Amino acid sequence: MNAYDFSGKTVLVTGASQGIGEAFVRELSRLGAIVVLVARNEKKLSAIASELPAGKSHVIAADLQARGAGQKLFDAVKAKGLAVDVLINNAGYGLYGPFEALDLQEQLGSIELNVVTLVELTHLFMPGILERKGGVIQVASAAAFQPTPFTSVYGATKAFVLSFGEALWAEYRDRGVRVLTLNPGQTETGFFDRAGDLPKQKMATPQDVVRTGLKSFHAGHASVVQGFMNKMLTFSNRLMPRALVAKTVANMIRPKTGSLAARNG
Ligand SMILES: NC(=O)c1ccc[n+]([C@@H]2O[C@H](COP(=O)([O-])OP(=O)(O)OC[C@H]3O[C@@H](n4cnc5c(N)ncnc54)[C@H](OP(=O)(O)O)[C@@H]3O)[C@@H](O)[C@H]2O)c1
């Protein structure tokens with residue numbers, strides 16, 4: 001498959017105010033794209049946009065966790081007279097801790113953001129993307145490949161995104177649309193500020209993740225796992241019974257009593 005030429009294309013990035021989304025924005029802008037930055041923090045989005053070439057970016061502040069947020073964003077994009085060529089569904093969060101101890105509304109909110117709005121935006125923008133032979137990048141996670149005790153809802157949302165993204169890849173590949181599911185492993189971003197005291201491994205940078213994602217998008221791949229060790233882990237997990245994988249993960253990342261007490265006040 002030919003490399004995708006981002007020059008002059010309109011790319012909408014959700015979760016663009018920091019982390020992986022911000023890195024996508026900066027790299028795509030460097031490649032000549034017109035970027036649409038979406039997240040809740042308008043101040044941060046405007047600060048990033050002010051460093052991009054004049055007239056080549058748009059800022060839309062939106063809380064994508066609210067029901068119907070996708071339609072509202074779609075309408076706001078239309079009102080600006082923009083036609084999106086590539087949609088990057090990147091906004092997302094996860095929570096770490098025993099399932100019953102984590103706030104229910106926050107857990108449900110992560111399903112709204114990571115899953116419901118992602119599907120809604122993909123559905124709304126797909127007809128235009130089809131017309132322009134563009135694409136979609138769904139940001140899932142290495143956590144999508146196995147059950148993830150103590151981040152159980154997060155892992156489940158990302159398993160949905162991976163399955164959904166790969167299915168769409170197969171549906172649209174003959175129609176000139178690329179759908180890539182990008183699966184980062186642990187990456188140095190604000191993700192961990194929100195997730196809680198999740199045990200950390202060696203981290204990639206957001207720029208590493210973007211590089212991997214764009215390389216696979218150009219190649220027309222269905223999905224990609226960022227980083228050699230993450231690739232090995234997600235592959236080896238497939239060779240073991242899922243219950244054994246779940247038990248092993250639980251033993252590896254079980255919260256320490258002290259950190260639980262801190263979380264629960
Ligand atoms: N970092 C990792 O280790 C890692 C690993 C695997 C997968 N991922 C995935 O990578 C994606 C990007 O995360 P990140 O690591 O870059 O984390 P991050 O630094 O926390 O960035 C998350 C982004 O999502 C936005 N966001 C959060 N809630 C939102 C809402 N309700 N409405 C609109 N935007 C919202 C945030 O902006 P505002 O706060 O301004 O709204 C921010 O721009 C996520 O889907 C995450 O699950 C991350």
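## Close-up views of a predicted model

**View 1. Lys133 in the loop between α4 and β5.** Lys133 has 13 C-beta neighbours inside 10 Å and therefore counts as partly exposed. (Buried means 20 or more other C-beta atoms within 10 Å of the residue's own, exposed 12 or fewer, and partly exposed in between, with C-beta atoms placed from the backbone.) The phi angle of Lys133 is near 50°, a positive value in a residue other than glycine. The model is predicted: local features need pLDDT of at least 70 and side-chain atom pairs pLDDT 80 or more, while totals for chains, interfaces and linings use all residues. Residue numbers start from 1 along each chain as its sequence is written.

**View 2. Helix α4, residues 104-132.** (Helices are DSSP runs of H or I with at least four residues, strands are runs of E with at least two, and both are numbered from the N terminus.) Helix α4 has 29 residues and reaches 40 Å from its first C-alpha to its last, close to the 42 Å expected at 1.5 Å a residue. (The expected span is 1.5 Å times one less than the number of residues.) At Met126 the helix bends by about 45°, and Pro127 follows within four residues. (The bend is the angle between axes fitted to the seven residues ending there and the seven starting there.) Several residues of α4 are buried, among them Ser110, Leu113, Asn114, Phe125 and Ile129.

**View 3. Strand β5, residues 135-139.** Five of the five residues of β5 are buried, so the strand is largely enclosed by the rest of the structure. Gly135, Ile137 and Val139 point one way from β5, and Val136 and Gln138 point the other way.

**View 4. The neighbours of β5 in the sheet, β4 and β6.** Strand β4 (residues 86-89) runs parallel to β5, and four bridges join the two. (Strands pair if DSSP finds at least two bridges between them.) Leu87 has Val136 of β5 as its bridge partner. Between β4 and β5 the chain passes through α4, and this β-α-β crossover is right-handed. (Right-handed means a clockwise path from the first strand over the helix to the second, with the strands pointing away from the viewer.) Strand β6 (residues 178-183) also runs parallel to β5, with five bridges between them. Arg178 in β6 stands opposite Gly135.

**View 5. Phe150 in the loop between β5 and α5.** Phe150 is buried because 22 other C-beta atoms lie within 10 Å. Its phi is positive, about 70°, although Phe150 is not a glycine.

**View 6. The shell around the ligand.** The ligand is surrounded by 30 residues, and the closest are Gly15, Gly19, Arg40, Asn41 and Gly92. With three residues, α1 gives the most.

**View 7. Ala222 in the loop between α7 (206-219) and β7 (223-225).** Ala222 is partly exposed, because 17 other C-beta atoms lie within 10 Å. Ala167 is 55 residues away from Ala222 in sequence, and the two are 8.7 Å apart in space, C-alpha to C-alpha.

How values were computed:
Near = placed C-beta within 6 Å.
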